[in-house]
Amino acid sequence: MLTLRPFANSDFPMLASWFASLPEVVQWGGSHLSFPLTQAEMDDMLAQGQTRPPNRRCWMACRDGTPVGHAQLAYDWRDGNARLGRVAIAPAERGQGLARPMVTLMIEEAF
């Protein structure tokens, strides 16, 4: 069973280790991110969650307390919608059917 918890600065090294190349980072987060991911990029993601209202919120999906996935919700408050993005499953956990339940949890969080 998966649970969500907010992404923390201490999760950064683990998340960064999930991407082995610039193409993988770009596929996950867009062309404005670098490889390897920098602390400044992670700080920016976390800072976007501190605005009122938040522009972006970042989550870790955990199985039995161990992080196995990451996803983000970006908010458009003016138009009243949220966009699910930057979805990743830890390399060692891929192929185990975790993405669907993680995305379901993220959709529930969005609503």
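Trainee: Where is Asp64 found?
Mentor: Asp64 sits in the loop between strand 2 and strand 3 (66–76). Helices and strands are DSSP runs numbered from the N terminus (H or I, at least four residues, for helices; E, at least two, for strands). This is a predicted model, where local features need pLDDT of at least 70, side-chain atom pairs count only at pLDDT 80 or more, and totals for chains, interfaces and linings use all residues. Residues are numbered from 1 along each chain as its sequence is written, and side-chain values use heavy atoms, with hydrogens and water left out.

Trainee: Why is Asp64 called exposed?
Mentor: Exposed means over 50% relative accessible area, buried means under 20%, and partly exposed is in between (1.4 Å probe, protein chains only). Asp64 has 76%, so it's exposed.

Trainee: What makes the phi of Asp64 worth a look?
Mentor: Asp64 has a positive phi of about 55° and isn't a glycine. Most residues other than glycine have a negative phi. Arg86 also has a positive phi, about 50°, without being a glycine. Arg86 lies in strand 4 and, at 11% relative accessibility, counts as buried.

Trainee: What do you call the peptide bond from Phe35 to Pro36?
Mentor: That one is cis, with omega near -5°, and Pro36 is in the loop between helix 2 and helix 3. Another cis bond joins Arg52 and Pro53, with omega about -10°. Most peptide bonds are trans.

Trainee: How do you know that Arg63 and Glu93 form a salt bridge?
Mentor: You need a side-chain nitrogen of Lys or Arg within 4 Å of a carboxyl oxygen of Asp or Glu. Here the closest N and O atoms are 2.3 Å apart, so the pair qualifies. Arg63 is in strand 2 and Glu93 in the loop between strand 4 and helix 4, so parts 30 residues apart in sequence get tied together.

Trainee: Which class does Glu93 fall in, buried or exposed?
Mentor: Glu93 comes out at 19% relative accessibility, so it counts as buried. Arg63 has 25%, so it's partly exposed.

Trainee: How many salt bridges does the structure hold?
Mentor: Three. One of them joins Asp11 and Arg5 at 2.8 Å, N to O; Asp11 is buried, at 3%. Glu109 and Arg57 meet in another, at 3.4 Å. That pair links helix 4 with strand 2, 52 residues apart.

Trainee: What makes a group of residues a nonpolar core?
Mentor: The members are buried Ala, Val, Leu, Ile, Met, Phe, Trp, Tyr and Cys residues joined through side-chain atoms within 4.5 Å. The largest core has 17 residues, and Trp18, Trp28 and Met42 are among those touching the most other members. Helix 1 (12–17), helix 2 (22–29), helix 3 (39–48) and strand 2 (56–63) each supply at least two of its residues. A separate core has eleven residues, including Leu2 and Trp59.

Trainee: Which residues is Met42 in contact with?
Mentor: Contact means heavy atoms within 4.5 Å. Leaving aside neighbours within four places in sequence, Met42 is in contact with Phe7, Phe12, Leu15, Trp28 and Leu37.
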